[in-house]
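Have the model open and follow along.

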Amino acid sequence: MKAPANRNQDLVVTTQNVQRAHHDEVMTPNYAPMEMIPERGEGALLWDTDGNEYLDFAAGIAVSALGHAHPALCKVLSDQANKFWHVSNLFTNKPAIELAQKLCRHTFAERVFFANSGAEANEAAFKLARRYAHDNYSAEKSEIIAFENGFHGRTFFTVSVGGQAKYSDGFGPKPGDITHLPFNDVEALKSQISDKTCAVVLEPIQGEGGVNPANATFLSEARELCNQHDALLIFDEVQTGVGRTGQLYTYQHFDVTPDILSSAKGLGGGFPIGAMLTTKRIADSLAVGTHGSTFGGNPIGCAVAGTLLDIVSAPEFLSAVESKGTDFVAALSKLNQKFDVFSEVRGLGLLIGCELQGPLKDRAGDVVQACAKHGVLILQAGSNVIRLAPPLILSQQQVEEGVQRLQRAIEGLLVEPQKDGRG
Ligand SMILES: *Cc1c(COP(=O)(O)O)cnc(C)c1O
């Protein structure tokens, strides 16, 4: 048989001429990336292939905790790369053991499972909760209670637990026995939870769902109700963890300890790694062979995360995150006094959401685009909230400069005639 012709020969590109348009010719169409293509970064700054500079307050979606090209992370990565990259879970390795020891030392955890992403850390958490109930109570104790607008990843189990049906519809039969309740609604949780519930899962601050903080009463009531019904309390701290809110994990702001916690995003500072943290008693349900991952516990990822955790867990580092967050909110509120475009500025530490109103209502996407044109990269969380999740190492002066660029972007939008006739 004749070898098939390469139909896409004209698409072979060199790094000199890569354009945004090439993306759509070779990638599945499930993303719509920005026009600019990042080329190089340093700290909170990023430069594109045309040499334009940006303050990166998106940080790869709350991932680049120490910014770009952090010297200590570059060093540990290349040191480990020169030793060995991968051995699989047929072997243990020193960076993985040391990282697990650090995570246990700094949190409630006694046992750690490593994965490669937030979704996988949650997949492990949900499977473990089901298995623990099965082993210790009964096979009927399988209900998972989750919350509207929650986000837990894109595997089919995690996206079905997530609280936005549009992300899991259209992919065939969904995993069953998952209940969604309104977030922060103690009464709804009280009336739904029962001895058939194996787990309650929530984000201490819903990230993708709009930067919605859980209130302290809701968290402590959820803890109490889980205790009453022998259900596990799972905190998805994929976005809120690793110093993002000014504590190593956000549960540490509250008087509430989960049974299982998932971590990813900032944990590797941009190197893919996820972790599920739990107690020894619960972990016992993951006996040999019950769960696994080829790349989980990869020595490069664990070495990078270990060094990152040493830096981020320092009390001075965490208190600096908290005070930069306070300054950030103050600067945004001042901007809002002038323009009155935010109905609320909320969040904790360096995870901040601004809910839009007036002429910017439901225009988060337009604000993100305008910001990029003015040299600051930000995120949206739904159509009506802009989200800021800058590298935790950004300077005070970069906070101010970033808010000034945001202000210029908003000024531009307010004078621009609206293309779509809304407002
Ligand atoms: C991003 C995110 C996830 C999914 O993480 P991936 O690494 O994309 O799989 C899960 N939960 C929360 C809260 C997140 O923000």
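What follows goes from aromatic rings to charges, and then to a pocket and a cavity.

A word on the ground rules: this is a predicted model, so local features need pLDDT of at least 70 and side-chain atom pairs count only at pLDDT 80 or more, while totals for chains, interfaces and linings use all residues. Residues are numbered from 1 along each chain as its sequence is written, and side-chain values use heavy atoms, with hydrogens and water left out.

Start with the rings. A pair of aromatic rings is described by the distance of the centres and the angle of the planes. Here, rings of Phe, Tyr and Trp (its six-membered ring) pair if their centres lie within 6.5 Å, and planes under 30 degrees apart count as stacked, over 60 as edge-to-face and the rest as tilted. Searching the whole structure turns up 8 aromatic pairs. One of them is Phe-108 with Tyr-251, an edge-to-face pair at 5.7 Å centre to centre with 85 degrees between the planes. Phe-108 sits in the loop between helix H4 (94-106) and strand S4 (111-115), and Tyr-251 in the loop between strand S10 (232-236) and strand S11 (260-263), so this pair ties together parts that are 143 residues apart in sequence. The cut-offs are under 20% relative accessible area for buried, over 50% for exposed, and partly exposed in between (1.4 Å probe, protein chains only).

Now look at Phe-183 and Phe-218. Their ring centres are 5.6 Å apart and their planes at 70 degrees, so this pair is edge-to-face. It links distant parts of the chain, 35 residues apart: Phe-183 is in the loop between strand S6 (178-181) and helix H7 (186-192), and Phe-218 in helix H8 (residues 216-228). Phe-183 is buried, with a relative accessible area of 15%, and Phe-218 is buried at 0%.

A charge sits over a ring if NZ of Lys or CZ of Arg is within 6 Å of the ring centre and within 35 degrees of the ring normal. Arg-40 lies over the face of Trp-47, 4.2 Å from the ring centre. Likewise, the charged end of Arg-154 sits over the ring of Tyr-167, at 4.3 Å from its centre.

On to charge pairs. A salt bridge is a side-chain nitrogen of Lys or Arg within 4 Å of a carboxyl oxygen of Asp or Glu, and the structure holds 16 of these salt bridges. Glu-53 and Arg-405 form one of them, at 3.1 Å, N to O. Glu-53 is in strand S3 (residues 53-56) and Arg-405 in helix H13 (residues 396-415), 352 residues apart. Glu-53 is partly exposed at 34% relative accessible area, whereas Arg-405 counts as buried at 12%.

Arg-387 and Glu-208 also meet in a salt bridge (3.0 Å, N to O). Arg-387 lies in strand S17 (residues 385-388) and Glu-208 in the loop between strand S8 (205-206) and strand S9 (212-213), so the pair ties together parts 179 residues apart in sequence. Arg-387 is buried at 2%, while Glu-208 counts as partly exposed at 22%. Elsewhere, salt bridges that share partners join Glu-53, Glu-401, Arg-405 and Arg-408 into one network.

On a 1 Å grid over the protein atoms alone, a cavity is a set of points where a 1.4 Å probe fits but cannot get out, and a pocket is an open set with protein on both sides within 12 Å along at least five of seven lines; lining residues have an atom within 4 Å of a point. Grid points are joined across faces, edges and corners, and a volume is the space filled by probe spheres set on the points.

The second largest pocket holds about 690 Å³ of space. Its lining has 28 residues, with Asn-89, Val-112, Phe-113, Phe-114 and Leu-286 nearest the centre. H4, S4 and strand S12 (274-278) each supply at least two residues of that lining. By class, the lining of this pocket divides into 14 nonpolar, 12 polar and 2 charged residues. (Ala, Val, Leu, Ile, Met, Phe, Trp, Tyr, Cys and Pro count as nonpolar, Asp, Glu, Lys and Arg as charged, and the others, Gly among them, as polar.)

As for the largest cavity, about 30 Å³ of space lies in it. Its lining residues include Gly-150, Phe-151 and Tyr-167, and the lining has 3 nonpolar, 5 polar and no charged residues.

Terms used. Helix = DSSP H or I, 4+ residues; strand = E, 2+ residues; numbered from the N terminus.
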